[in-house]
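Trainee: Could you take me through how ligand shells and helix contacts are to be read in a model of this kind?

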Amino acid sequence: MTVITDKFGRPMKDLRISVIDRCNFRCRYCMPKEIFGRDFVFMPKEQLLSFEEIEHIAKLFVDLGIKKIRLTGGEPLLRRDLPVLIEKLVRIEGVEDIGLTTNGSLLFNMAQKLKDAGLKRVNVSLDALDNTLFKSINDSGVGPEKILKGIEKAKEVGLEVKVNMVVKKGMNDEEIVPMAMYFKEQGIALRYIEFMDVGQSNGWNFNKVVTKKEIFQELSKHFEMEAVDPAYVGEVAKRYRYIGTNTEVGFITSVSNSFCSSCTRARIAADGKMYNCLFAENGFDFRQSLRSKKTDEEIKKEIMSIWSNRTDRYSDERTEESAKHKKKIEMSYIGG
Ligand code: SAM
Ligand code: SF4
Ligand code: SF4
């Protein structure tokens, strides 16, 4: 079994692939309209990796030890024939798990096709149940009802669903408890994500982060919860279970309790650039490698060299200064 480790001994185990940099939402913490407005230039189609290219690069990563693949974006369901890609990835020998992260706005119509293609699980992002608030967060006029219908449909067709909620102080703290109540009732795992300083445009500072501790304290006023052991070494979410149920609630503590020491994720952006970290500045252009006449062995050597030289641990080292001044790529481009 191939295992490539980086400079800190972290194995390369998971691959996140962003399939598109565009999105039909303009979440204020991710793609604020002031930056991602009408004039913003997204990647032209020919710069995006084709499904064949994604399949090709994914195979090479799997040869090098990747077991889990997650598709993300931008909004991945904007690539309408995404099930075709899923079919291709499911067929790769050695892949144990394929996931999809989506804003859920197109899920209702896509759920069955995704399931038929072989997808097993989907993470749906939803930051509020309140109609006006949710519309103001996504800044695109889409209400929560549409996302909830998508979630329901996904469950109905047999997909495992988790819901992700980014919590930002002053934005949606009021929704922490209503979201927990709703999804507990539905038997769906909800995960709270601490607001992060990704990209250059989301106006982040420490004061806007609602930490796991704060969220947990708030939830404890309403629910009894017990810790759940991690399913595997390096699991990112800190998981709990509502006592007396099988329903879980989790926390992604990227700011208050970073987990760089167990970060095993490689990332491919929509244009085929590989990044070693969500907060990286530079990526390695695998589109170029795929479109030139390089052999698979040559490309694999490139991947190995990039991962084995990896020293990234941004969240462990984050300061207010680095958050403000470090040049970083945007979340919608690299895929979260
Ligand atoms: N559009 C899809 C979606 O929203 O699920 C997939 C891409 S989105 C970039 C992936 C995840 O990143 C979403 O759950 C989103 O809420 C999260 N995200 C975006 N910006 C973030 C930020 N500044 N801090 C924490 N999470 C963020
Ligand atoms: Fe789009 Fe997802 Fe970013 Fe929201 S979080 S703007 S849905 S990419
Ligand atoms: Fe991994 Fe970078 Fe996040 Fe640390 S900051 S957990 S290295 S992606």
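Mentor: Let us begin with the shell around ligand 3, whose residues divide into seven nonpolar, one polar and three charged. Please keep in mind throughout that this is a predicted model.

Trainee: Which residues are around ligand 3?

Mentor: The residues around ligand 3 are Phe259, Cys260, Cys263, Arg267, Cys277, Leu278, Phe279, Arg310, Asp312, Tyr314 and Ser315.

Trainee: How many charged residues does the shell around ligand 2 have?

Mentor: That shell has no charged residues, its members being five nonpolar and two polar. The residues in question are Cys23, Phe25, Cys27, Cys30, Met31, Gly74 and Asn103.

Trainee: How many residues surround ligand 1, and which are the closest?

Mentor: Ligand 1 is surrounded by 19 residues, of which Gly74, Ser125, Val166, Met196 and Asn202 are the closest. By class, this shell comprises eight nonpolar, nine polar and two charged residues.

Trainee: Which polar atoms of the protein lie by the nitrogen and oxygen atoms of ligand 1?

Mentor: A polar contact is read from a pair of N or O atoms within 3.5 Å. In this model a polar backbone atom of glycine 74 is 2.9 Å from a nitrogen atom of ligand 1, and a backbone N or O atom of methionine 196 likewise lies 2.9 Å from a nitrogen atom of the ligand. From the side chain of tyrosine 29, an N or O atom is 3.2 Å from an oxygen atom of ligand 1. Taken alone, ligand 1 exposes 540 Å², and the protein buries 94% of that area. Strand S3 (97-102) and strand S6 (189-194) are the elements that give two or more residues to its shell.

Trainee: At what angle do the axes of helix H1 and helix H9 cross?

Mentor: A helix pair is read from its axes, its handedness and its contacting residues. The axes of H1 (residues 51-63) and H9 (residues 296-308) come within 10 Å and cross at roughly 65 degrees, and the crossing is right-handed. On the H1 side, His56, Ile57, Leu60, Phe61 and Asp63 meet Asp296, Ile299, Lys300 and Ile303 of H9. This contact has five nonpolar, one polar and three charged residues.

Trainee: Which residues meet where H6 packs with H7?

Mentor: Ile176, Val177 and Ala180 in H6 meet Ile215, Glu218 and Leu219 in H7, a contact with five nonpolar, no polar and one charged residues.

Technical notes: Residues are numbered from 1 along each chain as its sequence is written. Chains are lettered from A and ligands numbered from 1 in the order in which they are written. This is a predicted model: local features need pLDDT of at least 70, side-chain atom pairs count only at pLDDT 80 or more; totals for chains, interfaces and linings use all residues. Side-chain values use heavy atoms; hydrogens and water are left out. A residue is near a molecule or strand if one of its heavy atoms lies within 4 Å of it. Ala, Val, Leu, Ile, Met, Phe, Trp, Tyr, Cys and Pro count as nonpolar, Asp, Glu, Lys and Arg as charged, and the others, Gly among them, as polar. A polar contact is a pair of N or O atoms within 3.5 Å; within protein, one must be able to donate a hydrogen and the other to accept it, and residues adjacent in sequence count only if both atoms are side-chain atoms. Accessible areas come from the Shrake-Rupley method with a 1.4 Å probe; for residues, only the protein chains shown count as cover. Helices (H or I, at least four residues) and strands (E, at least two) are DSSP runs, numbered from the N terminus. Axes are lines fitted to C-alpha atoms, for helices over the stretch in contact, and angles run from 0 to 180 degrees between N-to-C directions. A crossing is left-handed if the near helix is turned anticlockwise from the far one by less than a right angle, and right-handed if clockwise. Contact means heavy atoms within 4.5 Å.
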